[in-house]
Amino acid sequence: LLKQENAYILIDEGALTPEQIERHILRQITQIKNKNITIIIAINKSEIDFLNSLWENLENIKSEVEIKTLSNKFYEKKDVDDFNQRISALSMINLQKQDTFLDYLLRVADSSIKKFNIHNKLPVHILKCHDKKKIKALIVLAVEKRITSRRAIELSIDEQLYEFCKEYPLAVQKEHLLRIEKDKESGFKFMLNSAYWVTSCLINLVEQKDGKESLSHAYYDIFVSYRKLYPKDRDFYKVTKRYYFLDYLQQLLFKAHYGGSLELPNLLYSKIHPLMAENYQFLHQEAKCKLRMARGERKVEKKNEILEMAYLNINRAYELAATYEGIKLNIEYTMHHMLLTKALILTNYIFLQIKSNNMSDELIRYIEDSISIYYNIFYQQKALKNKYNRHSINDIKKFIEIMSEQINLLDKEKKKQFELFLSEFREISIEWN
């Protein structure tokens, strides 16, 4: 090593023992520096022996050693685009921004006719016995990505995570914490390398007989465990927040064939609703789920039932948000979102009643309520600009079309509000398109 000069030397830490690295590199650091040699050592953070050796010697050499943490994914869009441009000549599928490198490798394997060895190393049929703790461990991994040993014990999934590390080390591994990361009771964390693999395992479970019920029971158990750990509502709601957001649930179960990808989230919401009935954010997410389900439901009676539950949820959510006494960060923005969700629920209900020729005083009141909300959001507040999805835009366009034909149902004030809302919405609609 010391015969080299003006060199970069790349070493995998597995090629040398910790003792060799300490003796031949760390203790020779001055001579190495004098010869203008830069040594780069690739370290797996699961190798505790090497990390301990490094930390024991770091005080004496910290001015000469720089530690850099490498991610298992790209975070910048430009890096993803550059990668995709480089592999395009191979006719391979693109890397998605959220993919880890292992996610990408698995998706490449799934898009190929050729059998890849990685399928044998990372099977997805691992939940045939519907083991609730294994399902629970996979869900927690999927949502949290990294779990400290302490948290794993608290959730009673530590044995299952150790088993995953042993059986599927490509996807799940132990990562020893740096000293600055350590808390009093956690020396390491379990790290997920492939959300794609976990999702595939969960979807495979869902496609089995009684799989949906097994998944919902495990999901419920996560909330029960966190409730025991966090008796105060605010702490409990904060730590479980990422588990119930609709867009994430749909992403987690994106391959499911049951009601698009909404029946499963709806089942999960129904299961955990009793634990979250005082949480306005949860109720809003549940209401949005039911609204999306109602749009795709063809049976009139069932559609009415879903919209009724969505309406009850959003009204309660708005009431709880309006009386919330905690820190009100972004509460006004959230309440605007809730009002829009309420108006969209009413809009879909109005479509249904007009189509069925069920005109009534109650329906006219709902029409007036919808116009008031749209007028307030679009014209008065000009809130939520560029925050509308395609389904919302289409609902509002259809509402405008119907109300243009039924304009004589409105009094003078509501006609004026409708016209002002319409003028503002046209600009937003043009921008959106």
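**A helical chain and its nonpolar cores**

Lysine 271 lies in helix α14, which spans residues 263-276; helices here are DSSP runs of H or I with at least four residues, strands are E runs of at least two, and both are numbered from the N terminus. The model is a predicted one, in which local features need pLDDT of at least 70 and side-chain atom pairs count only at pLDDT 80 or more, while totals for chains, interfaces and linings use all residues. Residues are numbered from 1 along each chain as its sequence is written, and side-chain values use heavy atoms, with hydrogens and water left out.

With a relative accessible area of 28%, lysine 271 is partly exposed; this class falls between buried (under 20%) and exposed (over 50%), using a 1.4 Å probe and protein chains only. Setting aside residues up to four places away in sequence, lysine 271 touches Ser216, His217 and Tyr220, where contact means heavy atoms within 4.5 Å. Serine 216 is 55 residues away along the chain, yet its C-alpha atom and that of lysine 271 are separated by 6.7 Å.

For the chain as a whole, the secondary structure comes to 20 helices and five strands. Of the 433 residues, 45% are buried. Among contacts with a separation of 6 or more, 66% join residues 24 or more positions apart.

The largest nonpolar core holds 105 residues, and Ile139 and Trp197 touch the most other members. Such a core is a set of buried Ala, Val, Leu, Ile, Met, Phe, Trp, Tyr and Cys residues joined through side-chain atoms within 4.5 Å. Helix α17 (residues 331-355) is the leading contributor, giving 12 residues, the most of any, to this core. A second, separate core has 10 residues, including Ile25, Ile29, Ile32 and Ile37. Beyond its neighbours within four places in sequence, tryptophan 197 is in contact with Asp103, Leu106, Leu122, Pro123, Val124, Ile126, Leu138, Tyr168, Ala171 and Val172.

Helix α17 also packs with helix α16 (residues 300-322), at an angle of about 160° and with the axes 10 Å apart. Axes are lines fitted to C-alpha atoms, for helices over the stretch in contact, and angles between N-to-C directions run from 0 to 180 degrees. The two helices are therefore roughly antiparallel, since angles over 145 degrees count as such, those under 35 as roughly parallel, 65 to 115 as roughly perpendicular and the rest as oblique. The crossing of α16 and α17 is left-handed, meaning that the near helix is turned anticlockwise from the far one by less than a right angle, whereas clockwise is right-handed. Among the residues making the contact are Leu307, Tyr311 and Ile314 of α16 and Met338, Leu346 and Tyr349 of α17. By class, this contact has 17 nonpolar, five polar and two charged residues; Ala, Val, Leu, Ile, Met, Phe, Trp, Tyr, Cys and Pro count as nonpolar, Asp, Glu, Lys and Arg as charged, and the others, Gly among them, as polar.

Tyr219, Phe223 and Tyr226 of α11 and Phe236, Val239 and Tyr243 of α12 are among the residues in contact.

Finally, serine 370 sits in helix α18 (residues 361-380). Serine 370 counts as buried because its relative accessibility is 0%. Apart from neighbours within four places in sequence, serine 370 is in contact with Ala343, Leu346, Thr347, Ile350 and Phe399.
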